[in-house]
Amino acid sequence: MQRPRFELPEALVMEILSKLPVKSLTRFNCVCKYWCSSFQTPHFISNNYHNNLENNNLNLLLSRCDGNTFQRYFSQLSNEKYQNYIVKQNIHLPFFRNDLPSVYGACHGLLCLLDPSKDKAAIWNPSTREFKILPPSSIQRPPYFSPFEETYLTLDDVSFNHAAFGFDSKTDDYKVIRFVSLTFVNSEEQYPHPHFMDQVELYSLRSNSWQEIPCPDYKPTGTTLGNNYVDGICYWKTETGAYLDFRGLILSFDMGNEKFSILPIPEFVGSFPEYYVNLLVFNGSLGAIVYPTEGIDTSFDLWVTSEGVWTKQFNIKSISGVVHPLGFGKNGDLFLRDTNDEVLLFDASTQELKELQINTYLDHFRFTISLHAYLESLVRINGIQENIEKHVIRQPARDASNEY
Amino acid sequence: MGSTSTKIKLRTSDQKVFEVEKAVAVQSQTIKYIYENGCPDSVIHVHSVSGDILSKILDYCKKHVNSAAGKEDISPEELYEWDANFVKVDQNTLFDLILAANCLKIESLLDLTCQTVANMIKGKRPEEIRTTFNIKNDYTIEAEEAVRRENKWAFDMLGGVGTMVIEELADDTMSKCVTNAKSRVCVIAANQIVMMRSISKLANKKSIDVYKQPQNPTTPRIKESVKQINVGTGFIELFFHFKCKM
């Protein structure tokens, strides 16, 4: 490009720059000091994110478990459909070492990684490669007195199986909400009967600390496909009643006023146990994929809720050999897991089922493979670069071409 | 049919007059505002836009109005292609279009033209960007190197027409190079330079053999030809072509 006849005014240059990918902007930090500081302003960050949202620049991460090392890692899939979503690079997380972290989000391009078995968590911006380790929560675990055994019980196990990550627009703050399951036993007994209790912890990025909040009556029992946060609210599946009186419910948490609510799940097609209902976020709303538990040919219904009303968006007819959905990619393409635990793609435009060349046959725990999508963003989280403590390590896949 | 369509007269900076249908002209929020708040019969002056540029812009507005109103049978994909061809102009015209779209407040055109420039510059090096936007580098050499080092990952490129900013390597990596039989070889693996001759020795060379080693060690190395070597302060840039395998 040649030297221009004239200069564009600053505001227009920034308008152009806000449409660039994060990698280019990171490289252009050294163009001049003014640009470097402009890229860090909330206004620019917000414009850039808005552009990514408009263009739906979704990045896809497949969360898998290495067959040799038993470590969780991510395969970042190519954005290009014509490349059949091949693996571009593999992202390893030495920070979590021997544990399998759960992934929450994305929210504004940020992901939250949480260890379900210990108090270890991080917030991660994969676009800017910023990694923030959360401090441990110093919240006291309550004592448990068993009136029957007339003694205080010992805390035997603490686990963090359900959480969510989202944004509070009122305070411009990112928050992590985490359910803590406590198991108490009578240590004097040889085969002690476990007693359970729950706590809820809330982390704020602004204060960089955890606080305890009151526990709701219903606890989450199920996971969502990918992201469980949308538009200021987090969602989990929960349930009530015994087997025959079973009712599925949705537990929601408002990040702004920090309150829990319960929503019913309508009986879409039929009821549990004949149908699975997987919650997910679809096109900016809470949705559900409903599909039968039995049968060779599975047909998937996508329902979406808006202001309490559920409407069926579309139906994907009879796909044979498929077991579970993993989530949507771009343009309504649906990723699926088949009976052999292979990852398949249902192409929305051609209505065809395609095999992806993601060789998962060497993976471990193949039934735990999950799909996560994030938009590129410049949002800063007071973390450190991935490569500094080698918390995150990236490996390009063979024959992958690097992008600008 | 002619009597039902209102026309608006526009006069450009170079005194050209255009008579356009109101529906087309009011794609510009500026013109719309002036028309609705001024005298409807008088000529509207668009001072900062030349005749050539306004002519192009009116083509754009007309195409989009007709397609939205269903007057033209054109699919979204075809309109997208039309837009892509519309912006295939020289850089000065493109910048003129951006300024005019901004001044006339035609949001979709501003988005289109800005995105076009963004796509043109996204793979460029910082030096080229400074030229394009006429920017003075106000970093000291040390400060700029520090920023480059901090953001090193954003400079990694492989595939296509590539340039790599390579940092000076420590002496122990140099010794691996010397033991290699071919004395003028530098091996690049994945995204990193594994070994290389010292900067001063490279600077004297007119050409250099560069080998790319695929991750599978049994696959033979691919030889790339280096077109040009530039030596800067503390870094070297190699310009070479890769065939990009999709």
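## Chain B in outline

How many helices and strands are there in chain B? In this predicted model, chain B contains ten helices and nine strands. The chain has 246 residues, of which 41% are buried. Among contacts in chain B with a separation of 6 or more, 53% are between residues 24 or more positions apart.

The crossing of helix 1 of chain A past helix 6 of chain B is right-handed.

From helix 1 of chain A, the contact involves Leu12(A), Glu15(A), Ile16(A) and Leu17(A). Helix 6 of chain B contributes Leu110(B), Asp111(B), Cys114(B), Val117(B), Ala118(B) and Ile121(B).

In soluble globular proteins, nonpolar side chains tend to be buried together. Here, the largest nonpolar core has 87 residues, and those with the most contacts inside it are Leu17(A), Trp35(A), Ile177(A) and Phe133(B). Helix 6 of chain B gives the most to this core, namely seven residues.

Beyond its neighbours within four places in sequence, Ile177(A) is in contact with residues including His162(A), Ala163(A), Val200(A), Leu202(A), Ile213(A), Trp236(A), Phe253(A) and Phe260(A). A second, separate core has 15 residues, among them Phe74(A), Ile91(A), Val103(A) and Val392(A).

How values were computed
Residues numbered from 1 in each chain as written. Chains lettered and ligands numbered in written order. Predicted model: local features only at pLDDT ≥ 70, side-chain atom pairs only at ≥ 80, totals over all residues. Heavy atoms only, no water. Left-handed = near helix turned anticlockwise from the far one by under 90°. Helix = DSSP H or I, 4+ residues; strand = E, 2+ residues; numbered from the N terminus. Contact = heavy atoms within 4.5 Å. Core = buried A, V, L, I, M, F, W, Y, C linked by side-chain atoms within 4.5 Å. Buried < 20%, exposed > 50% of the residue type's maximum accessible area, 1.4 Å probe, protein only.
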